[in-house]
Structures are given as C-alpha cells and as structure tokens.
Amino acid sequence: MLPITVWLSGTLVALAIAAGRLVSARRLVKRSHPAPESVHAVIGDVARDLGLAHLPEARVTDERISPMVVCSPRPRLLLPRGLWGQLDDDSRRAVILHELAHLKR
C-alpha cells in the first residue's frame, strides 16, 4: 500500500507543478505585446530555413524571463524586450533558431 501512496503523491505533486507553470505562462502571454515586424522578419527567415510551415505568434514582454515557446492553446514565441534589445543580429537569430527548433521537434 505504501508504494502506491508514494507514487500517487508524487504524481499529484508533478501535476500541480505543471499546472502552476501553465498558469504562469498564460499570465506572461496576457501581459505581453505583439512583437514588432522586425522580429517577425527574423522568425520568418529562420522558420523557412528549418522548414516550418506554421509560424508561432511572436510577443514581447517587459518581464525578465528566458525566451520561450508557450504552446497553449497555440504556439507563441515570447521574447523579453530587455534581452532582445541587447542582442546583435546573429544572436537574435540564434535565439529564434533555438526556440523554433523546439517547435519543429
């Protein structure tokens, strides 16, 4: 009986953590803003190179976060405005490439 209780407790904790992360990601998206056209241009170029047929919605936030793809309910690429402003063109492309590679997989 103890192994089942331990397993069930661990499963419930894992589900609670996942639910909390989903709620946090949705809040970040709600507080974000559509990305400028220059960001969309980089995303389009990288997506074409990766062979992606569908582009994620690109959004920027003033929050201090790592760039991320939020896939609920549709993919959104969330970029921190502060970091984006500090990067050169090659670094921006590398960030977009990294995030879009998650979508491709």
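View 1. Leaving aside neighbours within four places in sequence, Ser 66 is in contact (heavy atoms within 4.5 Å) with Leu 78 and Pro 80. Ser 66 sits in the loop between S2 and strand S3 (68-71). Its C-alpha atom is separated by 7.4 Å from that of Leu 79, 13 residues apart along the chain. Please keep in mind that this is a predicted model, where local features need pLDDT of at least 70 and side-chain atom pairs count only at pLDDT 80 or more, while totals for chains, interfaces and linings use all residues. Residues are numbered from 1 along each chain as its sequence is written, and side-chain values use heavy atoms, with hydrogens and water left out.

**View 2. Strand S4 and its partners.** Strands here are DSSP runs of E with at least two residues, helices are runs of H or I with at least four, and both are numbered from the N terminus; two strands pair if DSSP finds at least two bridges between them. S2 and S4 run parallel, joined by 5 bridges, whereas S3 and S4 run antiparallel with 4 bridges. Leu 78 in S4 stands opposite Arg 59 and is also the bridge partner of Met 68. A hairpin of 3 residues links S3 to S4.

**View 3. The largest nonpolar core.** Such a core is a set of buried Ala, Val, Leu, Ile, Met, Phe, Trp, Tyr and Cys residues joined through side-chain atoms within 4.5 Å, buried being under 20% relative accessible area with a 1.4 Å probe, protein chains only. This one has 17 residues, and Ile 96 is among those with the most contacts inside it. H2 gives the largest share, 5 residues.

Technical notes: Buried means under 20% relative accessible area, exposed over 50%, partly exposed in between (1.4 Å probe, protein chains only).
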